[in-house]
Amino acid sequence: MTKNILLGFIIICSIWACQEVPSEPLPILGRQEINGQDTIFHHIPDFSFTNQDGQTVVNEDLDNYLYLSDFFFTNCPSICPIVKKQMLRIYDKYENEPLIKLVSHTIDPKRDTVEKLKKYAEGLSVNTDKWMFLTGDKEELLDIAEDYFVAAYEDADAPGGFDHSGKIILVDKKRHIRAFAEGTDPEDVTQLLKDIDLLLLEYGVKK
Amino acid sequence: MGLKSKVLFILFLLSMAIACQHVTFKEGEILYETHCSHCHMPKGEGVGDIYPALNNLTEDYAFEEIYCIIRNGKNSPDRVVEMVAINGLSDVQLHNIVNYIKSDMNGLQHEFSANASREHLLPCPE
């Protein structure tokens, strides 16, 4: 009798384990506007920033990629290091996946010059074709942070002079935000890694 | 093996596991979490060369050197990120952090008891 129950249990478990749950595609996040018949989804607006080599980077440079975006500043004594640790985790996993790029924006362009960002990238030992570090006009940077769901503003009382959240945002080829994680929470980033795989699948890349 | 010895063996393993997690410098650990772990990471693993790892120190890394870096900060032109001085810590607290880093994090000998130098701050190069 006990044996039969056990056998039944094992069979149920095996069936359960074999079932591949079909995943829904990732949603398009953010506010939608209905314009007549069309729905306009939230998307990343036009931008023009400068990378760690002094080259201009615009949206079109990222049009053929899925990218992860975050906001930081090198003088940040609070959450930035742990977020960078998690960005490094993403970098390490997708180092050889050509469709994925990483984009870190400084919100302190006065201190974070092109040279400083270059040094920062070198300090992380990352390939800047894959992971770029952007600076530019401060207002433009703080504004676009909002489009990336990141609250960022100057605050003399905050550690390092800026207050901001450590979100890591996943953007698709159409500039739509498809997923995000709190970069300060490694478990949240583990979920984001699964979301990245799901988005890659949408573009025909099986991980 | 009898039931009794099995139970004893499991108890032994459990106590070993608990013993291995023991932190000698508890105050140092708490202070580390408050003041250091943001950048040097909770287990001292660091982030690249920017926030250096602290969990791979060797014996020749002098106690005084770590002590003075915490007290005065560290900056040089080739560093991307400046380490700011950690203000407001007593000498005993500084000792406890260094002892925690050396002893609990790296398994090295801790060199000073806080009481031994309670009288005066160690000299640090300014």
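**Entry 1**

I began with Arg175(A), which at 18% relative accessibility counts as buried (buried being under 20% relative accessible area, exposed over 50%, and partly exposed in between, with a 1.4 Å probe and protein chains only). Before going further I noted that this is a predicted model, in which local features need pLDDT of at least 70 and side-chain atom pairs count only at pLDDT 80 or more, while totals for chains, interfaces and linings use all residues. I also noted that residues are numbered from 1 along each chain as its sequence is written, that chains are lettered from A and ligands numbered from 1 in the order in which they are written, and that side-chain values use heavy atoms, with hydrogens and water left out.

I then looked up the partner of Arg175(A) and found a salt bridge with Glu60(A), the closest N and O atoms being 3.8 Å apart (a salt bridge is a side-chain nitrogen of Lys or Arg within 4 Å of a carboxyl oxygen of Asp or Glu). This pair links distant parts of the chain, 115 residues apart, with Arg175(A) in the loop between S10 and S11 of chain A and Glu60(A) in the loop between strand S4 (56–58) and S5 of chain A. Helices (H or I, at least four residues) and strands (E, at least two) are DSSP runs, numbered from the N terminus. Glu60(A) itself is partly exposed, with a relative accessible area of 48%.

The side chains of Glu202(A) and Arg178(A) meet at 2.9 Å, N to O; Glu202(A) lies in helix H5 of chain A and Arg178(A) in strand S11 of chain A, so the pair ties together parts that are 24 residues apart in sequence. Of these two, Arg178(A) is buried at 6% relative accessibility, whereas Glu202(A) is partly exposed at 40%.

The side chains of Lys93(A) and Asp197(A) form a salt bridge at 3.0 Å, N to O. Lys93(A) lies in helix H2 (residues 80–93) of chain A and Asp197(A) in helix H5 (residues 186–202) of chain A, so this pair ties together parts that are 104 residues apart in sequence. I noted Lys93(A) as partly exposed, with a relative accessible area of 39%.

**Entry 1: a loop residue in chain B**

Lastly I looked up Met83(B), which lies in the loop between helix H4 (63–72) and helix H5 (91–105) of chain B and counts as partly exposed at 24% relative accessibility. Its C-alpha atom is separated by 8.9 Å from that of Asn72(B), eleven residues apart along the chain.
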